[in-house]
Amino acid sequence: MSKIDIKDLNLFYGNFHALIDVNMSIKEKYITALIGSSGCGKSTLLRCINRMNDLIEDVKITGSCMVDSQNIYVEGLDLVKLRKKVGMVFQRPNPFPLSIYENIAFGPRIHHIAKGSELDSIVEESLKSVLLWGELKDRLHRNALDLSLEQKQRLCIARLIAVRSEILLMDEPCSALDPIATLKIEELMQKLKDDYTIIIVTHNMQQAARVSSETGFMLLGQLIEFGKTEQIFTAPKNERTEDYITGRYG
Amino acid sequence: MERHLDQELQELNKDILKMGTYAEEAIYKSIEALKTRDKELAKNIIDNDVNVDKLELEIDEKCIDLIARYQPMAKDLRFITTGMKLNAELERIVDIAVDISQRVLELVDKPVLKPLVDIPKLTAVAQNMVKMAVDSFIKGDIELAKKVILSDPEADRLRNLIQKELVEDCMMKDASTAPRAVQLLLITRFLERICDHTTNIAEDVIYMVQAEVVKHHPEKLK
């Protein structure tokens, strides 16, 4: 079943046509990877899914992006609600300069999801989901900025879980991490896939091949090919995909 | 853009070609030894097997090394994995030529059972199939690979013909011919197995070139 349906999506930064007629269907509880060279539009496309591009000046978007059959580009849409449902993890983890506990509790509190002791349970469950509870349960009130990069990235994912996001957008989530930390985040993604729809933008083709079930290859704003990851990496149908993934281009 | 990987794949191509040449020669020489009753030639094939085994290990190691260092994808991945499979098939073909040579050593000191007519024909078919199969890999030629697969029924036809002759004209008429006839039956069976290995190679080449699995799907060849 598809969770996200993007139809005839075009995006302009002023006169620059950054996304050109993108059509794709993203399945629920799948990991979908977007690959392509720098500037091809993959992060722009990712940011369309929770309307993060709205924050950029002079952006014009046409077409539609349906999340659970609801076009998120209709006028008057509650953006706070949208971004709660469609959370985002960035290249560099960005915890608040607060305690570990407060980082997790912040979202549920402002969204009025929980209060008091309910918050304690949410913090515990969220940290358990990202496999941090065991390591951090005795130092929940320490500053989150003291954590390792990998722990910070897990904490950022836990923050999304705490507000019951259903879709996790991950923009190069491992690019700042070493190979072991990368592997741990990838393992976590595999675990989270049972409950969440994950879309990951990555420059690392091996990572896309390892973690995702479906992959889209983008070039100069266009989605050139989209299909099962296994097919894209062993037998791509489009020559430009072939050239990119074999390093002959890009 | 010429990549360093391209040079390494060229080297792999050359090694597979070398393996193919070994296989072709081994088949030809094993039957030549049978025809000319040449013990030395048969022994030579058996002795040379160690070099083929060595090359097989080298090619395998090279393929694993390429996968580990380059993490190849798409046609590069298909080329290397097909190369590994070809390597194993060709080495097996040489092993079969060794089996034939061992049968030849059993036969050379015994009287000739019958003039060899169809076994050399089957040998020519097998040798040609090996050559075409290796060429199809080197050139990435699907049509040539299909030709290999389509040659297999002719090999089966010749095998059946030879088997029938050996059983009906020799073994059933004169039981004393059985020990020699059995050796020739085995050689026939070995030659036919070689043809089967070449069809495996051809199927793998088709996968390598067009990413389509035709193995166990003969309808896809039409």
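Visitor: Hi! At what angle do helix H3 and helix H4 of chain A pack?
Guide: This is a predicted model, and in it H3 (residues 100-110) and H4 (residues 117-129) of chain A pack at an angle of about 115°. Their axes are 9 Å apart.

Visitor: And which residues make that contact?
Guide: From H3(A) you get Tyr101(A), Ile104(A), Ala105(A), Pro108(A) and Arg109(A). H4(A) brings Leu119(A), Ile122(A), Val123(A), Ser126(A) and Leu127(A). By class, that contact has eight nonpolar residues, one polar and one charged.

Visitor: Is the crossing left-handed or right-handed?
Guide: H3(A) passes H4(A) in a right-handed crossing.

Visitor: OK, on to the sheet. In what order do the strands of chain A come?
Guide: The order is S2-S1-S4-S5, four strands in an open sheet with antiparallel pairing.

Visitor: Which strands stand at the edges?
Guide: Those are S2 (16-27) and S5 (70-71) of chain A. Each has a single partner strand, so one side of each is left without a neighbour in the sheet.

Visitor: How many bridges join S1 to S4 in chain A?
Guide: Eight bridges, linking residues 2-13 with residues 59-67. As an example, Phe12(A) has Lys60(A) in S4(A) as its bridge partner.

Visitor: What about chain B: how far does its helix H1 reach?
Guide: H1 of chain B covers residues 4-36, and its 33 residues reach 48 Å from first C-alpha to last, close to the 48 Å expected. Arg37(B) follows H1(B), with a positive phi near 55°.

Visitor: And how many residues of chain B are in contact with chain A?
Guide: Ten, in contact with eleven residues of chain A. The chain B side has five nonpolar, one polar and four charged residues.

Conventions. Residues numbered from 1 in each chain as written. Chains lettered and ligands numbered in written order. Predicted model: local features only at pLDDT ≥ 70, side-chain atom pairs only at ≥ 80, totals over all residues. Pairing = 2+ DSSP bridges. Helix = DSSP H or I, 4+ residues; strand = E, 2+ residues; numbered from the N terminus. Expected span 1.5 Å × (residues − 1). Contact = placed C-beta atoms within 7 Å. Nonpolar A, V, L, I, M, F, W, Y, C, P; charged D, E, K, R; others polar. Axes fitted to C-alpha atoms, helices over the stretch in contact; angles between N-to-C directions. Left-handed = near helix turned anticlockwise from the far one by under 90°.
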